[in-house]
Amino acid sequence: MLEVIPMILGPVETNAYLVADTQSGEAVVIDPAWDGQDIAAEARRRLWRITGIWLTHAHFDHIAGAAGISRNVQPPPPVALHPADLPLWEAQGGAPLFGMRIDPGPPPSISLAQGQVLQVGSYTFEVRHAPGHTPGHVVFYCAAERLVFCGDVIFMSSIGRTDLPGGSYKTLLHSIRTQILTLPDTTRLLSGHGPESSVGQERQENPFLS
Ligand SMILES: [Zn+2]
Ligand SMILES: [Zn+2]
């Protein structure tokens, strides 16, 4: 089965997700928010092998654990990012704007694109480009399991902020309509912050989408 372990980490309570095919023991980390050594230890405890780090976007609170994972996992898993967020990644994910410094870890070696297909063991994820919160924001959609890791695009009853560099409210709403609301209502939304929701729930109750 596909098992998802959420871990709330870092100074702004970001959801990092350890996602594994329990059959093969292969796992990826979606948004290694902070404390990478703890994420690596959790995988080790479950006898899972981390084979990839997937970034929904390059904000510091979603990437700061990548360095700790790469130090504690052999071989260090490749990092996947959409190229439009590379400048943000190179700027420490904007951490200096918040008076912080982070080590973003090893440079991304997998360049994500709309429609690209990624694997965790036998599970397939579709990359959907959803800019607006950041230019290179993507979501990872697993149709078979009816779930989408949506980062800071949409939250329970809220949407991502668009006041940071590269943000656009109009673009974000367009992304939500074309990349999220086109998914089946029963699709679970696993966001970068806060509790889980679903496409149907946000379609009905999200005040930004009415
Ligand atoms: Zn963000
Ligand atoms: Zn965030």
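**View 1. The hairpin of β2 and β3, with Gly25 at a positive phi near 80°**. Four residues lie between the two strands of this hairpin. Strand β2 (residues 14-21) and β3 pair in the antiparallel sense through five bridges, pairing being assigned if DSSP finds at least two bridges between two strands. Tyr17 has Ile30 of β3 as its bridge partner. Strands (E, at least two residues) and helices (H or I, at least four) are DSSP runs numbered from the N terminus. The model is predicted, with pLDDT of at least 70 needed for local features and 80 or more for side-chain atom pairs, whereas totals for chains, interfaces and linings use all residues. Residues are numbered from 1 along each chain as its sequence is written, and side-chain values use heavy atoms, without hydrogens and water.

**View 2. Strand β3 beside strand β4**. β3 runs parallel to β4 (residues 49-54), to which five bridges join it; Val29 stands opposite Ile53 of β4. Of the five residues of β3 (residues 26-30), four are buried (under 20% relative accessible area, 1.4 Å probe, protein chains only).

**View 3. The zinc ion (ligand 1) and its protein donors**. His57 (NE2), His59 (ND1), His133 (NE2) and Asp152 (OD) lie 2.1 to 2.3 Å from the zinc ion, donors being N, O and S atoms within 2.8 Å of the metal (3.2 Å for Na, K and Ca). The arrangement is irregular because the four donor atoms subtend angles of 89 to 169°; tetrahedral would require all angles between 85 and 135 degrees.

**View 4. Asp152 as a bridge between two zinc ions**. The zinc ions (ligand 1 and ligand 2) lie 3.4 Å apart. Asp152 is buried at 4% relative accessibility, as is His59 at 8%.

Definitions and conventions:
Chains lettered and ligands numbered in written order. Buried < 20%, exposed > 50% of the residue type's maximum accessible area, 1.4 Å probe, protein only. Tetrahedral: all angles 85-135°; square planar, octahedral: opposite > 155°, others 65-115°.
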